[in-house]
Amino acid sequence: MISAQAWADAQRLWDFQQMGHEPRPCSVAIGLGSHDLGVADATAELFHRGMAPVVLFTGATSRTTRDRMPRGEAEHYRDRAVELGVPASVILVEPNARNTGENIRFSRALLEERRISVSSALLVSKPYEERRAYATARKLWPEIEWVSASTPMTLPDYVDSIGDARLVIDMLVGAQQRLMVYPRQGFMIEQEVPDDVLAAYERLRADGFTSRLVPETADRT
């Protein structure tokens with residue numbers, strides 16, 4: 001059983017991870033690979049709204065996607081976007097990134113290779129990783145303006161879509177930990193964490209929602 005306090009704390013982390021940016025037209029929409037095809041859906045929806053003329057999906061495979069997406073996350077995202085009506089001609093695929101930092105670095109290199117001028121980018125991620133992705137992108141590619149985006153949904157709806165409440169809370173705790181650990185390792189910009197968010201994070205850690213934590217000497221984002 002997950003206590004009422006744990007649910008309230010998870011909601012606080014969920015709310016904090018959302019950047020609250022209003023989507024606006026940008027040079028490119030970059031969909032960050034993961035287990036969640038909802039990222040591809042959100043990216044396709046933004047394209048159809050005229051928010052970006054170019055779509056770039058980035059991601060190889062991980063332990064959570066190698067079976068479901070054997071050709072790589074970015075490739076499966078492209079297939080999904082094409083199913084949703086995005087022309088294949090406007091989609092770029094970056095198939096090698098294995099963490100958020102590589103997503104940004106490799107995407108930048110591909111766009112530069114294709115000589116696509118970028119002054120702003122829609123950064124499309126899972127809902128609970130908006131802030132983490134934004135902080136990483138700001139660190140690694142500070143010259144452009146970043147606009148965070150994800151599928152608009154509530155925490156209960158996201159839990160229903162994943163089907164595992166404990167896993168979702170573990171992922172929220174892991175995302176929050178990275179926001180606090182990685183800036184001092186040079187992987188993302190520093191962001192102020194409100195006291196109530198920190199308290200919620202500490203309670204959830206103490207309650208054992210720890211499967212997605214990383215060592216404090218982690219070398220990846």
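Two strands are taken to pair if DSSP finds at least two bridges between them. Helices (H or I, at least four residues) and strands (E, at least two) are DSSP runs, numbered from the N terminus. The structure is a predicted model, in which local features need pLDDT of at least 70 and side-chain atom pairs count only at pLDDT 80 or more, while totals for chains, interfaces and linings use all residues. Residues are numbered from 1 along each chain as its sequence is written, and side-chain values use heavy atoms, with hydrogens and water left out.

The protein chain contains eight helices and five strands. Read from the N terminus, these elements follow the order α-β-α-β-α-β-α-β-α-β-α-α-α. The C-alpha atoms fill a box of roughly 50 × 35 × 30 Å along the principal axes. The radius of gyration, taken over C-alpha atoms, was compared with a globule rule of 2.2 Å times the number of residues to the power 0.38. Because a compact globule of 221 residues would have a radius of gyration near 17 Å, the 17 Å of the protein chain agrees with that expectation.

Buried residues (under 20% relative accessible area; exposed, over 50%; partly exposed, in between; 1.4 Å probe, protein chains only) make up 54% of the 221 residues in the protein chain. The accessible surface, from the Shrake-Rupley method with a 1.4 Å probe and, for residues, with only the protein chains shown counting as cover, comes to about 10100 Å². Carbon and sulfur atoms account for 48% of this surface. Among contacts (heavy atoms within 4.5 Å) with a separation of 6 or more, 78% join residues 24 or more positions apart.

Strand β1 (residues 28–32) is mostly covered, with five of its five residues buried. Val-28, Ile-30 and Leu-32 point one way from β1, whereas Ala-29 and Gly-31 point the other way. Strand β1 runs parallel to strand β4 (residues 120–124), and four bridges join the two. In this pairing, Gly-31 stands opposite Val-124 of β4. Strand β1 also pairs in the parallel sense with strand β2 (residues 55–58), again over four bridges, and here Ala-29 stands opposite Val-55. Together with helix α2 (residues 38–48), β1 and β2 make a right-handed β-α-β unit. Right-handed here means that, with the strands pointing away from the viewer, the path from the first strand over the helix to the second runs clockwise.

Helix α3 (residues 73–83) carries the buried residues Glu-73, Ala-74, Glu-75, His-76, Tyr-77 and Ala-81. The buried residues of α3 pack against β1, α2, β2 and β3. Just after α3, Gly-85 takes a positive phi of about 95°.

The loop between β3 (91–94) and α4 (100–113) holds Ala-97, which counts as buried because its relative accessibility is 3%. Leaving aside residues up to four places away in sequence, Ala-97 touches Thr-58, Gly-59, Ala-60, Glu-102, Asn-103 and Phe-106. Ala-97 and Ala-121 are 24 residues apart in sequence, and their C-alpha atoms are 18 Å apart in space. In the loop between α4 and β4 lies Arg-115, which at 79% relative accessibility counts as exposed. Most residues other than glycine have a negative phi. Arg-115, although not a glycine, has a positive phi of about 55°.

Two further buried residues lie in helices. Asp-9 is found in helix α1 (residues 4–17) and counts as buried because its relative accessibility is 3%. Apart from residues up to four places away in sequence, Asp-9 touches Ala-200, Arg-203 and Leu-204. Val-181 belongs to helix α7 (residues 165–181) and, at 2% relative accessibility, is likewise classed as buried. Val-181 and Pro-215 are 34 residues apart in sequence, with a C-alpha to C-alpha distance of 9.1 Å.

An unreviewed UniProt entry places the feature "domain: DUF218" at residues 39–151. UniProt positions are given in the numbering used here, feature names are shortened, and annotations may be inferred rather than shown by experiment. Over residues 39–151 the chain is 41% helix and 16% strand, and the end C-alpha atoms are 7 Å apart.
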